[in-house]
Structures are given as structure tokens and as C-alpha cells.
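Please open the model in your viewer and keep the selection tool at hand. The stops below say what to select next and what is there.

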Amino acid sequence: MPLSGNIESELFKLILSAGIVAKIVLLILFLFSIFSWAIIFYKFFQIRRTEKNVADFLGIFSKIDSIHQIDPSINEKGDNPLMNIFKEGRTKFEEINRGKEGLNIIRRRLRGVIEGEVTYYEGYLPFLATTGNVTPFIGLFGTVWGIIHAFQQIGLQGTANIAAVAPGIAEALITTGIGLATAIPAVIGYNYLLSRVRKLTTRMDIFADEMLSMLEAEGISTEQKPEVKSKK
């Protein structure tokens with residue numbers, strides 16, 4: 001335990017004694033790390049809440065025979081992409097009943113709703129991908145700068161002893177380590193969250209097909225049938 005405390009204390013001292021360039025690099029990496037962890041936690045709880053709302057809604061949807069058996073006001077609170085798809089499909093269904101549109105229009109509209117929902121749930125994930133790609137190179141820049149600093153000290157002091165090169169090497173190692181510590185969680189978080197979003201997207205696609213089948217079963221056809229006048 002005391003050894004761990006000494007290591008942390010020495011690491012903190014090395015950061016404080018680092019040059020201005022190294023400190024700027026560390027500050028940039030720290031900001032990337034803070035935003036990345038905030039996004040990871042936010043998206044994790046958002047997607048988990050959404051998955052629960054979706055499961056609850058599917059439990060209701062599986063018990064109905066007509067779209068009119070579901071109150072559109074249910075599940076108003078919280079994220080629920082299936083409810084948004086359902087409400088859009090029901091609205092278009094009522095318009096079709098008044099002779100405005102056909103089933104193909106509903107299909108295209110639901111596809112637009114799904115694309116909007118996917119964009120919403122993928123929000124902020126590109127930042128994690130950027131963090132995973134960029135921060136190792138930012139850390140590498142700090143590494144190169146630290147090595148340059150070490151060689152400058154060798155030139156100034158005319159010796160390559162440990163006291164001359166230690167500060168520059170310390171800067172190089174710290175920025176390298178912090179760069180990797182920032183990038184690795186961001187990459188893991190991005191891949192994990194993206195896989196959850198893709199599963200949610202698949203569930204939306206399946207639900208849209210199920211709803212279209214239900215609408216078709218309720219009398220909507222892909223082509224509007226001409227009215228047949230009865231002979232007197």
C-alpha cells in the first residue's frame with residue numbers, strides 16, 4: 001500500500017515538472033478521456049432504458065389484433081423507437097383510410113423514421129471512434145517531444161547520464177501511457193455500444209415489417225382498387 005502511494009506521488013510530481021508542451025498534450029488527452037467516459041455512461045444507460053421500454057411495448061403489441069387496440073399515449077416518457085414507429089404507422093394508416101396514400105408510402109415513411117431513430121441512438125458514438133483513433137497519435141507526439149527534450153539535455157550538459165535524460169524520458173512515457181489509457185476505453189465503448197445499437201436497429205426493422213403486415217391484413221393494399229359501381 002505505501003509503495004502504491006509513493007508511485008502515485010512520483011507520477012504526480014513528474015506531471016507537474018513536465019514541460020509546457022507535455023502539459024498541453026496531457027490536458028488534451030484528459031479532456032478527451034473525460035468526454036469519452038461521459039458519453040460511454042450516458043449512452044449505456046440510454047440504450048439500456050430504451051431496450052426495457054422496447055421489451056415492455058412488444059409485450060403489449062404481441063397481444064393485439066388491431067393497431068387501434070393500443071393507446072398512442074402509452075410510453076410517452078422515455079426513449080421508445082418502436083412507439084415512434086407505431087404512431088407514425090397509425091397516423092399514415094388513418095390517412096390512407098381517407099384515401100390519401102398507399103401501403104408503399106407507409107413503408108417508405110417507416111423507413112425514414114427508423115433511419116432517424118438510428119441516427120439518434122448513434123449520436124456521440126463517432127466521438128468515441130475519433131478518440132480511439134486520434135489520442136494514441138497525440139500521445140505519440142508527446143513521446144517524440146519528450147525524446148527531443150532528452151536529447152537537448154544531453155547536448156546542453158554534455159553527458160548522457162540518467163539525471164540528464166530522465167525528465168525527457170519521463171515525459172515521453174507518461175504521454176504514451178495516458179494516450180493509450182484514453183484510447184482503449186473509447187474503442188471498447190464504441191464497439192460495445194455500436195453493437196447494442198445494431199441489435200436495436202434489427203428489432204426496429206422486424207417491428208416495422210410486423211406492423212406493415214398487420215396494416216395489410218386490416219385492408220390496406222399496395223394499389224388503390226377502383227370503386228365498382230353497382231348496376232341498377
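The structure holds eleven aromatic pairs, where rings of Phe, Tyr and Trp (its six-membered ring) pair if their centres lie within 6.5 Å, with planes under 30 degrees apart counted as stacked, over 60 as edge-to-face and the rest as tilted. Select Phe-35 and Phe-127, an edge-to-face pair at 6.3 Å centre to centre with 75° between the planes. This pair links distant parts of the chain, 92 residues apart, with Phe-35 in helix α2 (residues 20-61) and Phe-127 in helix α5; helices are DSSP runs (H or I, at least four residues) numbered from the N terminus.

This is a predicted model, in which local features need pLDDT of at least 70 and side-chain atom pairs count only at pLDDT 80 or more, while totals for chains, interfaces and linings use all residues. Residues are numbered from 1 along each chain as its sequence is written, and side-chain values use heavy atoms, with hydrogens and water left out.

Next, select Phe-57 and Phe-86, whose ring centres are 5.9 Å apart and whose planes meet at 65°, so this pair is edge-to-face. Phe-57 lies in helix α2 and Phe-86 in helix α3 (residues 81-97), 29 residues apart. Both Phe-57 and Phe-86 are buried, meaning under 20% relative accessible area, against over 50% for exposed and in between for partly exposed (1.4 Å probe, protein chains only).

Finally, select Ile-148 in helix α5 (residues 125-157), which counts as partly exposed because its relative accessibility is 38%.

Notes: Helices (H or I, at least four residues) and strands (E, at least two) are DSSP runs, numbered from the N terminus.
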